[in-house]
Amino acid sequence: MSTLHTVNKSPFATQSLLSCLNHAKDGDAVLMIEDGVYGALSGSGMSEMVQAKAANVVIYVMSPDADARGLSADKMLAEVKGVDYAGFVNLVTEHDRTQSWL
Amino acid sequence: MKIGVVISEGPYTHQAADTAYHFVKAALAGGHEVPRVFFYHDGVNVSSRLTIPPQDERHIQNNWTALAQEHEIDLVVCIAAAQRRGLLDENEANRQGKDANNIADGFRISGLGQLIEMGIQTDRLVTFGD
Amino acid sequence: MSTTKKFLYVNRKAPYGTIYALESLEVVLIGAAFEQDVSLAFLDDGVFQLTKDQKTDGIGIKNFSPTYRALGDYDVTKLYVEKESLAERGLTAEDLQEIMYEDEDDDWEEKPSLRFVTRAEMADIMADQDVVLSF
């Protein structure tokens with residue numbers, strides 16, 4: 001049993017990503033969508049925490065949202081995997097429940 | 001799988017209605033069923049028939065009306081949230097003595113029970129909000 | 001409906017500044033009729049929804065905090081409150097309303113609905129649900 005967590009706000013604006021990472025369990029997945037994709041930036045104040053959590057939780061970023069915001073792959077953490085909307089759907093079905101951190 | 005969707009923020013101000021739209025399209029393309037989309041909080045504003053977005057921008061309400069019609073998706077607008085925010089269908093407008101109604105085609109006003117029912121009847125539920 | 005699912009309502013926002021706390025409670029009340037296995041989670045700023053002594057006359061918004069005390073009558077008796085969220089906000093259990101329910105399986109004895117849990121326990125509770133509604 002695992003959970004897909006979605007985070008749609010920038011970690012520099014709210015604590016949603018922080019709280020999400022603090023509650024995600026081993027084997028869960030975290031998907032950064034909309035403004036949440038800024039959580040995938042490397043060299044930020046959140047990067048270490050995201051990288052550390054990536055050891056036990058698979059972390060994804062919505063590529064269309066990252067592209068829209070001018071975040072190319074080289075600006076983002078290597079540990080974070082890009083997905084498209086089809087990938088988002090797959091994550092929803094692969095995990096037993098989806099929890100949105102709004 | 002049967003996937004239920006909740007949209008809890010209004011059009012344009014938040015990306016929620018857009019992300020949900022692309023998600024639902026991908027789910028349907030992937031062979032999944034999306035029997036219902038439930039609109040709550042400011043999400044009820046997606047159902048307004050009166051929006052006039054700039055010509056070169058996507059028309060969020062039209063997109064949802066068309067998608068729902070093509071794939072028989074039940075677009076449900078929560079009555080309590082709708083009343084608070086001034087979204088009324090013809091029946092509600094008459095019942096409440098208001099001089100206009102403003103719900104677009106394809107959307108219907110109903111109770112919060114429809115949200116719970118969606119949670120019970122679908123395999124997955126995803127919320128798009130703030 | 002013969003299916004019983006575990007529904008978790010996640011509350012992470014403060015009351016009154018936004019409508020999420022009130023409208024989430026409205027879902028809980030309507031949802032009670034469906035006799036599912038309902039739990040509420042209060043974490044992050046959601047713990048502020050449960051404070052005592054909410055006096056709202058000055059802001060002209062209806063005080064809906066008494067509604068939490070009625071949840072027991074709707075068989076909604078599992079209100080999980082995250083300890084770390086309280087501590088981070090300088091709050092203790094004493095700052096929150098007393099919310100009780102009558103346990104029909106125990107001679108209608110009055111018991112507390114607020115269950116104080118650690119972050120790790122909250123994560124386990126979340127992982128145990130069928131449907132998670134966030135507001």
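Let's start with the sheet in chain C. It is an open sheet of five strands, order 6-3-2-1-7, with parallel pairing. Strands here are DSSP runs of E, at least two residues, and helices are runs of H or I, at least four, numbered from the N terminus. Two strands pair if DSSP finds at least two bridges between them. At the edges sit strand 6 (114-117) and strand 7 (131-134) of chain C, each pairing on one side only. On average, neighbouring strands of this sheet are turned by 25° against each other, direction ignored.

A word on provenance. This is a predicted model: local features need pLDDT of at least 70, side-chain atom pairs count only at pLDDT 80 or more, and totals for chains, interfaces and linings use all residues. Residues are numbered from 1 along each chain as its sequence is written, while chains are lettered from A and ligands numbered from 1 in the order in which they are written.

Strand 1 (residues 6-11) of chain C pairs with strand 7 of chain C in the parallel sense, over four bridges. One detail to find on screen: C:Val10 has C:Ser134 in strand 7 of chain C as its bridge partner.

What lies across strand 1, strand 2 and strand 7 of chain C? Helix 1 (residues 20-31) of chain C does, running at about 165° to strand 1 of chain C. Angles run from 0 to 180 degrees between N-to-C directions, with axes fitted to C-alpha atoms, for helices over the stretch in contact. Contact means C-beta atoms, placed from the backbone, within 7 Å.

Next, chains A and B. The axes of helix 4 (residues 85-94) of chain A and helix 1 (residues 16-29) of chain B come within 8 Å and cross at roughly 75°. So helix 4 of chain A is roughly perpendicular to helix 1 of chain B; that label covers 65 to 115 degrees. From helix 4 of chain A come A:Tyr85, A:Ala86, A:Phe88 and A:Val89, and they meet B:His22, B:Phe23, B:Ala26 and B:Ala27 in helix 1 of chain B.

Last, chain B as a whole. It has five helices and five strands. Along the sequence the pattern is β-α-β-α-β-α-α-β-α-β. Its C-alpha trace spans about 45 × 40 × 25 Å along the principal axes. Of the 130 residues of chain B, 45% count as buried, which takes 20 or more other C-beta atoms within 10 Å of the residue's own, again placed from the backbone.

Technical notes:
Two residues are in contact if their C-beta atoms, placed from the backbone, lie within 7 Å. Angles under 35 degrees count as roughly parallel, over 145 as roughly antiparallel, 65 to 115 as roughly perpendicular and the rest as oblique. A residue is buried if 20 or more other C-beta atoms lie within 10 Å of its own, exposed if 12 or fewer, and partly exposed in between; C-beta atoms are placed from the backbone.
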